Structure formats: C-alpha cells, structure tokens
Amino acid sequence: MVMAMAMAMEVPVSLKSSSPIFHIVAVPHPGQSHINAMFNLCNILAFKKPHNNNLLITFVLTEDRLSQFNNFSSNTIRFESIPNVLPSESARSSNFEVFFDAVQTKMEAPFEQLLDQLQPPATLIVADFVLKWMPDLGSRRSIPVASFFSMSAMFFSVLLFQNEHHPLHAYDEIVNNIPGVSSFRRKDLPSLTARYASVFNETMDAISSISRAKCLILGTIYEFDPQVIDILRRRFSFPVYTIGPVIPYMNLQDHHTATSSVIYDDGTDYFTWLDRQPNDSVLYISFGSFLSVSSVQMQEFAAALAQSGVKFLWVARQEVSVLKEKFHDNDKDNGLIVSWCDQLKVLCHPSVGGFWSHCGWNSVQEGAFAGLPFLTFPIAFDQQCNSKLIVEDWRTGLNLKKYVGSDNLVGKEEVAKIVKEFMDLERDEGKEMRKKAKELQQICQSAIAKGGSSEINIDAFFDDISCQVL
C-alpha cells in the first residue's frame with residue numbers, strides 16, 4: 001500500500017487556474033547525494049520556469065527521507081512518499097549492494113500505484129538514471145520519461161562507451177579511446193569492478209536503459225566538458241540538456257541561514273567561527289554523506305591536521321565525537337569539527353581557501369562554483385574520475401592518494417606535509433591552482449547568467465516540453 005501525505009495531494013493555490021498544469025513527477029534514487037542533486041534540479045526548474053508556465057513538481061521520496069523536507073515551503077514543489085526499500089538506515093549503510101538491488105526490485109510497484117493517485121495526472125517523469133525500470137514504466141503508462149544523470153558528463157561517457165565496446169577489467173591499461181575524454185588509467189575506476197561488482201553491473205544496465213527515455217538531463221554545465229557533451233548530442237536521437245550546476249546557488253543571499261534539505265544540527269555556530277578567521281586561511285574538509293574512509297585513516301587525518309597547524313572546518317558526521325577527543329584544548333582555535341554544515345555557503349565564505357573532498361559530483365560543482373582549489377581523496381564510483389578531471393584536466397587541485405598509492409594508508413606525516421603545502425598561499429603551484437580555480441568559478445557564473453549555457457538549456461527544456469516535443 002502506498003503511504004502518501006494527504007496534504008500533498010492538494011494542488012498549490014498558485015496553480016489553481018484555468019490554465020493547464022504541467023505536472024513533473026521527480027523521482028531520485030533514495031541515496032542522499034542523488035536526492036540532493038534531484039532536489040536542486042527541481043528547485044532550479046521551479047525558479048527558472050517561464051512566467052506563462054503553470055508548473056507543478058511532485059518530488060517522490062521513500063518514507064524515511066520525507067522528514068528532511070518538513071521545513072521546506074514552495075508553491076511549485078510538493079512531496080509524496082512510497083515505502084522504504086530497506087527497513088532502516090543502518091541496513092542501507094551496512095550492505096550497499098543489497099540496498100542498490102532493492103531500489104531496482106522494490107520501488108517500481110509502489111511508485112506505479114502512486115501515479116494512479118496523483119492529481120493532476122503526471123505530464124512528465126524526471127527519473128534518476130539508476131532507476132533503469134522507469135523508461136519502460138513510462139512507455140507502459142504513456143508518460144514521457146526524462147533521464148537525469150547527476151554525475152559528470154565525462155563519467156557518463158566513460159560508462160557509455162566502455163559498456164558498448166570494452167569491459168572495464170584491465171586496471172593498468174591506459175585508455176585513450178573514449179570519445180571526448182583525455183587518456184586515463186583503468187585503475188582510476190577500481191571500486192566499480194572490484195569492490196562493488198553487482199552495483200557496477202546494475203549501473204551498466206541503467207546506462208543502457210537511458211536510450212529508451214525521451215531525453216537526457218545532465219547535472220553539469222556545458223563548459224565543464226564541451227567535447228563530451230557535443231559527442232553525446234550526436235550519439236543520441238533525443239535532446240541532451242545541460243542544466244547545472246545542480247547546486248543550491250539561489251540560496252546564497254543570506255549567508256548565515258541554513259537552507260539545505262538535510263540538517264544535522266549540533267548547535268555549533270560555525271559561521272561566527274569562520275568570520276573570525278583570515279581570508280583564505282581555512283581548509284574545509286568533507287568526505288560525503290554515505291561512504292567514508294576507514295576509521296584508521298580518519299585518525300591519521302586528525303593527527304596530521306593537528307601537526308600541520310592549518311586552520312580547518314571538518315564535517316565528520318558520525319565520527320564527530322571520536323575525532324573531537326583527539327584534539328587537545330590548544331588545537332581548538334585552529335580547527336572546528338561539526339556533524340553538518342551548509343556546505344555551499346561555507347565554501348563561498350571568504351575565510352575558506354581550499355576544499356579537501358571525496359570528489360562526489362555535488363561537492364565538485366560546489367567547490368568549482370566557490371572558486372576553490374581541491375585536495376582530492378576519492379573513495380568510490382565516479383569520484384576517481386572526478387579527481388582526474390580536477391587534477392589533470394582543470395588543474396585546480398592535488399590528488400592526495402597519488403603520493404602513496406590508491407589502496408594504501410596515507411600516513412599522518414605525509415598528510416601533514418601535503419596539507420601545509422596545499423594551504424600555503426605563497427607557493428607558485430598553489431597560486432596557479434587558485435588562479436585556475438577562479439577562472440572555473442567565472443565559467444560557472446557565466447553559465448547561469450542570462451544568455452549563459454545553462455539558461456539556454458533550461459529555456460530549451462521548457463520549450464520542448466511545452467510543445468510536447470518529448
């Protein structure tokens with residue numbers, strides 16, 4: 001039985017008019033980064049919709065994720081829920097492969113039941129590409145489906161063309177035949193084949209299913225990967241839109257008010273602490289919302305930060321209490337450890353001068369938008385590929401793992417040395433990285449400005465769906 005919020009079934013007052021309502025049903029994969037990306041996309045569409053477009057967006061979540069949006073209010077976006085695919089967050093975290101499989105086997109039926117309840121009926125479904133069953137469901141229900149790929153265009157190209165021509169198995173091989181992508185090592189994608197083999201296979205199936213959708217939305221900007229995107233547009237017979245960066249850049253006006261969809265508040269006034277720090281002096285650290293580094297590696301990082309003397313703001317989530325115990329009282333002025341922060345606003349704060357990241361695509365876009373250099377520490381999936389993009393193609397960062405090998409423990413002495421060098425504003429290498437990072441920031445700003453590439457793609461998307469081209 002579908003568990004739906006009764007209040008969500010009501011059409012927002014602003015949409016009660018004689019004009020036809022264009023109803024988008026947005027369905028993310030229930031992983032947190034996927035939810036964040038899809039929600040940011042929906043906010044962008046709601047904000048940028050044409051004045052004559054009577055748009056309604058229904059955002060579909062599993063029940064355990066619904067409470068994250070209790071404080072969100074919109075005349076355009078409403079929320080519905082379907083049953084959880086796994087009984088608890090702990091079950092999801094402890095066995096990611098089981099969770100990934102459950103998304104493919106337990107979401108389709110309750111979602112289809114929800115479609116029968118929605119009023120007005122769905123005009124278009126925007127679905128995470130991972131939901132490989134969605135294009136066939138849309139065809140069965142005569143509802144067009146737009147596939148949303150929330151990672152980089154480069155990673156999409158790697159998956160697409162490797163899936164078609166060459167399986168990913170020879171780790172040491174140099175690959176230089178991916179259209180639009182500069183040479184890379186297969187070992188840059190180790191966890192896709194070794195650590196999560198079944199997830200990789202499901203991802204390949206999902207990539208194949210995109211050809212059955214009516215269009216593809218890429219959560220990126222054209223200028224990040226123009227050659228790749230041009231090739232993809234020639235490759236597919238349907239429209240390919242770049243609507244990015246899919247980050248909450250519209251919420252930056254009030255720098256001291258949290259607006260993100262997920263808040264873990266431990267009462268720390270991190271903005272006041274940031275306001276007291278010199279410009280470009282703070283290293284912001286976050287390794288994502290789901291996968292993380294080992295506890296032993298975390299301890300090495302903590303010891304290295306204390307040794308380096310570099311100022312830092314570290315979002316450590318579950319590890320907060322353990323890490324705080326490792327820092328002595330005289331270290332507390334140098335660093336702050338919190339369980340959550342409003343990341344984009346923090347990255348844009350003038351005291352932040354670098355981003356130590358796992359290189360999830362949401363974080364990469366936010367760091368680029370803020371004009372920051374990266375210290376990369378990829379963990380899994382697309383993150384190795386994103387690290388390559390940052391370090392080798394954009395030249396806006398350093399890869400911490402290259403110093404000791406991707407599978408080895410990075411010791412505190414080496415980490416402390418690299419961190420100190422990375423945050424040294426006088427080093428020539430650092431100056432060049434920061435210069436290129438600011439150039440990338442300008443590219444982001446131009447893309448979302450009037451007449452920019454993202455604005456053009458958003459307009460094209462609305463024109464196409466309004467004319468029922470899809």
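In this predicted model, strand S2 (residues 55–62) has eight of its eight residues buried, so the strand is largely enclosed by the rest of the structure.

The neighbours of S2 within its sheet come next. Strands of a sheet pair through backbone hydrogen bonds, and the pairing can be either parallel or antiparallel. Strand S1 (residues 22–27) pairs with S2 in the parallel sense, over five bridges. Within this pairing, Phe22 stands opposite Leu55 in S2. S2 also pairs with strand S3 (residues 77–82), again in the parallel sense, over six bridges.

Another sheet can be followed strand by strand. This open sheet is formed by six strands in the order S12-S11-S10-S13-S14-S15, with parallel pairing. Its edges are strand S12 (335–338) and strand S15 (397–399); each has a single partner strand, so one side of each is left without a neighbour in the sheet. From one strand to the next, the twist averages 15°.

Strand S14 (residues 374–376) pairs with S15 in the parallel sense over three bridges, and Leu375 has Leu398 in S15 as its bridge partner. Helix H16 (residues 383–394) packs on the sheet and touches S14 and S15. The direction of H16 makes about 125° with that of S15. Helix H15 lies across S13 and S14, and runs at about 155° to S14.

Most residues other than glycine have a negative phi, and most peptide bonds are trans. Cys359 is not a glycine, yet its phi is positive, at about 75°. This cysteine is placed in the loop between strand S13 (352–357) and helix H15 (361–370). Is Cys359 buried or exposed? With 0% relative accessibility, Cys359 counts as buried, because the cut-off for that label is under 20%. Cys341 counts as buried too, at 5% relative accessibility. As for bonds between cysteines, the count of disulfides comes to zero.

Ser142 also has a positive phi, near 60°, and is likewise a residue other than glycine. Ser142 is found in the loop between helix H6 (134–141) and strand S5 (145–149). At 68% relative accessibility, Ser142 counts as exposed, because the cut-off for that label is over 50%.

One joins Gln119 and Pro120, with omega at about -5°. Pro120 lies in the loop between helix H5 (108–117) and strand S4 (124–128). Another cis peptide bond joins Gly244 and Pro245, where omega is about 0°. Pro245 has its place in the loop between strand S9 (240–242) and helix H11 (270–275).

Terms used
Residues are numbered from 1 along each chain as its sequence is written. This is a predicted model: local features need pLDDT of at least 70, side-chain atom pairs count only at pLDDT 80 or more; totals for chains, interfaces and linings use all residues. Side-chain values use heavy atoms; hydrogens and water are left out. Helices (H or I, at least four residues) and strands (E, at least two) are DSSP runs, numbered from the N terminus. Buried means under 20% relative accessible area, exposed over 50%, partly exposed in between (1.4 Å probe, protein chains only). Two strands pair if DSSP finds at least two bridges between them. A disulfide is a pair of cysteine sulfur atoms within 2.5 Å. Axes are lines fitted to C-alpha atoms, for helices over the stretch in contact, and angles run from 0 to 180 degrees between N-to-C directions. Contact means heavy atoms within 4.5 Å.
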